[in-house]
Amino acid sequence: MKLIYLLALVVVLTSCSGPVQKQSDIDARVDSVLNLMTLEEKIGQLNLPSAGQFTTGAAANSDIAKKIESGQVGGLFNIKRVAAIREMQQIAVEKSRLGIPLIFGMDVIHGYESVFPIPLGLSCSWDMDLIERSARIAATEASADGINWTFSPMLDLSRDPRWGRISEGNGEDTYLSSRIAEAMVRGYQGDDLTANNTIMSCVKHYALYGAAEAGRDYNTTDMSHIRMYNEYFPPYKAAIDAGAGSIMASFNEIDGVPATANKWLLTEVLRNQWGFKGFVVSDYTGVSEMIAHGIGDLQTVSARALDAGLDMDMVSEGLLTTLKKSVDEGKITEQQITEACRRVLKAKFQLGLFDDPYRYCSEERAKSEVFTATNRAEARKAATESFVLLKNDNVLPLKKSGTIAVIGPMANTRENMTGTWSVAARFSESISVMDGLTKAVGNSAKLVYARGSNLHEDAAIEERATMFGKSLNRDKRSAEEMRSEAVRIARAADVIVAVVGEGAEMSGEASSVTNLELPQTQRELLKALLQTGKPVVAVLFTGRPLVLKWENENVPAILNVWFGGSEAGDAIADVLFGDVNPSGKLTTTFPQNVGQIPLYYVHKNTGRPLSGPWFQKFQSNYIDVSNEPVYPFGYGLSYTTFTYGDVKVDKSSITQGDSVTVSIDVTNAGKYDGAEVVQLYIRDWVGSVTRPVKELRGFKKVMLKAGEAKTVTFQLTTQDLSFYNSDLKWVAEPGEFSVFAGGNSNDVKEAKFTLQ
Ligand code: BGC
């Protein structure tokens with residue numbers, strides 16, 4: 001047995017740690033390992049190469065295997081399956097001098113093989129238990145397959161739908177995103193990280209990655225500190241407070257310094273102010289990219305990153321190849337490397353890897369716990385909750401009878417169901433819309449199908465929107481030919497389900513766009529289908545808010561299904577036929593055009609707010625389009641209707657530290673049972689700094705039977721009224737407050753109270 005295992009064991013035996021390890025025990029064990037390490041071995045722990053290349057090749061002979069053997073690798077990512085992971089772990093444990101186990105990471109973003117809706121979609125469920133369970137299932141499946149570290153949750157707030165990665169986040173709101181952050185971390189990590197079915201979470205991308213200028217990926221961000229603290233930082237902080245073990249530095253710069261080497265961000269805010277005790281990893285080549293950012297050569301940027309507080313280098317090998325030289329030249333100290341190494345080792349102890357490096361490598365679990373019927377059922381349920389009914393002029397729900405024409409480029413593709421970042425998915429086993437509808441109607445209705453159009457009139461754009469094995473196998477026929485076939489088929493049907501929108505890779509990393517309208521060829525298809533006079537429901541696939549002005553004006557029913565995951569097709573059938581009543585509510589504003597961006601509900605009032613109808617000269621509005629969105633934050637319809645009573649507060653005045661109870665009666669006034677997301681917003685009318693016109697401070701999802709009424713109550717404390725002032729101090733300032741409650745951010749009832 002290697003010395004470190006003996007030492008680690010001695011520490012275990014002399015301490016009385018239960019199933020949940022004590023921090024002091026871990027510290028002692030980390031020290032016992034650090035004492036044995038050379039400088040080179042410590043630097044080796046900071047190196048995180050991608051294992052991608054040998055998932056198909058002979059692992060043992062690869063370059064990386066040699067590096068592992070010589071103690072130059074701390075962990076690996078982009079590697080799947082127990083056998084491959086065990087093989088790598090064996091090299092680390094048995095062949096390297098000290099036998100320090102590797103940590104194995106992966107982008108398990110919205111499920112593993114049982115794929116849940118893309119995060120933006122899942123956020124529209126506003127269901128924190130469901131979101132936590134989705135992370136729990138993802139952790140169970142990933143850990144059963146050898147993974148113990150996930151690069152999730154992604155908590156970059158974004159108010160720019162041009163940015164492709166808006167699909168990976170939780171939308172535009174600080175408060176909601178913070179609650180989701182906590183749920184995701186709890187789901188992944190549980191309360192015992194050493195358990196073989198929990199994995200360490202890595203919060204990303206710290207920070208402000210979602211505020212890239214012009215929505216162009218990797219672009220510069222520039223933001224006031226007061227906005228960072230009040231709006232963009234809280235979700236990351238919520239995840240840290242929930243115990244997330246690691247965090248990933250973002251690609252972008254902040255205050256002119258790339259996040260990867262930004263000491264204010266990685267040390268002052270993260271560690272000193274927030275008390276983060278975990279480790280910081282760079283994003284993919286985030287270290288070497290700082291050469292292109294223009295802050296130095298590889299040695300300089302690597303030393304700056306370490307000095308700033310970065311602990312692990314993903315892919316660049318800048319830390320691996322230059323830190324020793326920087327120590328020799330007195331640019332950094334060995335102590336700084338020891339501290340970084342300490343944090344990486346600590347994570348491995350927390351995961352229990354020193355007690356059993358193979359604890360996540362069970363062929364048996366891999367066979368029985370991944371892509372199970374139970375997990376898939378949960379993913380299907382989650383998908384139904386993520387869908388947002390945007391419009392419904394008496395078309396939905398559909399009857400399972402007559403002839404249903406299913407038409408559109410997204411109707412018959414399994415590969416595109418899971419959306420972006422679904423690296424572990426089994427594409428060919430996902431449920432397409434046609435699969436789902438066919439199963440649902442059985443013999444009771446007739447389904448007819450036509451593709452109707454390609455995804456995009458421009459073949460090059462279509463290819464970019466369907467990369468990574470998600471090709472739609474472009475139809476060679478002309479647009480007119482495809483359209484007339486679709487119209488012929490649609491004419492013989494009773495109702496048309498038009499399955500349109502984006503391909504899976506049209507959003508996600510490096511998938512920014514400048515045009516948010518449906519591709520012209522799909523718009524033409526919709527027009528032709530509408531001309532048949534048959535009722536049309538658009539089933540819309542998208543990874544971002546789109547510009548749906550024309551669709552909202554012309555298509556009688558629109559169900560936004562995002563990318564619903566491996567079970568999307570079944571879930572779509574559940575909702576279209578009314579077996580499940582839709583309850584999703586938007587977590588991003590849908591603008592009227594690209595020029596309105598950024599358009600979000602938490603805006604400031606300005607000195608010249610538009611009062612009265614649009615247009616008013618010398619007020620804050622546009623000549624050519626109103627300030628209104630097509631669909632506001634929090635919006636979503638149901639097959640039933642909910643009515644709201646007046647909002648009430650139990651006190652007209654409270655003092656610091658006190659709380660106020662807000663209540664509102666909600667009635668299901670329609671014919672279907674359904675769930676409603678009741679939202680609570682506040683406004684602080686006068687502050688030492690300007691405050692937004694509305695801010696979410698609570699939400700509850702309530703189930704109401706047809707005809708049923710419930711009183712929904714919220715507790716608002718002075719914490720909920722607080723904000724960061726000009727000195728970045730967290731304060732609740734006395735004065736008048738409004739509370740608003742309702743079914744979306746635009747449609748609310750108001751009451752007032754005062755903070756003394
Ligand atoms: C992405 C990260 C991801 C990493 C590892 C990067 O390109 O920005 O979100 O975790 O790759 O796959």
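Q: Where does Pro397 lie?
A: Look at the loop between E11 and strand E12 (403-407): that is where Pro397 lies. The names are simple to read, as helices (H or I, at least four residues) and strands (E, at least two) are DSSP runs numbered from the N terminus. This is a predicted model, in which local features need pLDDT of at least 70, side-chain atom pairs count only at pLDDT 80 or more, and totals for chains, interfaces and linings use all residues. Residues are numbered from 1 along each chain as its sequence is written, and side-chain values use heavy atoms, with hydrogens and water left out.

Q: Which kind of peptide bond joins Leu396 and Pro397?
A: A cis peptide bond, with omega at about -5°. There is also a cis bond between Ile597 and Pro598, with omega at about 0°. Pro598 sits in the loop between H23 and strand E17 (642-644).

Q: What makes E11 and E13 edge strands?
A: Start with their sheet, which is open and has six strands in the order E11-E16-E15-E14-E12-E13, with mixed pairing. Strand E11 (388-392) and strand E13 (446-450) each pair on one side only, which makes them the edges. From one strand to the next, the twist averages 20°.

Q: How do you know that E15 and E16 pair?
A: Two strands pair if DSSP finds at least two bridges between them. Strand E15 (residues 536-541) and strand E16 (residues 557-560) are joined by four bridges, so they pair, and they run parallel. In this pair, Leu540 stands opposite Asn560 of E16. Helix H23 (residues 568-576) packs on this sheet, touching strand E14 (495-501), E15 and E16, and its direction makes about 145° with that of E15. Touching means contact, that is, heavy atoms within 4.5 Å. The axes are lines fitted to C-alpha atoms (for helices, over the stretch in contact), and angles run from 0 to 180 degrees between N-to-C directions.

Q: Why is one side of E2 left without a neighbour in the sheet?
A: The sheet here is open, with six strands in the order E2-E3-E4-E5-E6-E9 and parallel pairing. Strand E2 (75-77) stands at an edge, as does strand E9 (279-281); each has a single partner strand, so one side of each lacks a neighbour in the sheet.

Q: What surrounds the ligand?
A: A shell of 13 residues, the closest being Asp107, Arg165, Lys204, His205 and Asp283. The shell divides into seven nonpolar, one polar and five charged residues. Here Ala, Val, Leu, Ile, Met, Phe, Trp, Tyr, Cys and Pro count as nonpolar, Asp, Glu, Lys and Arg as charged, and the others, Gly among them, as polar.

Key:
Near = heavy atom within 4 Å.
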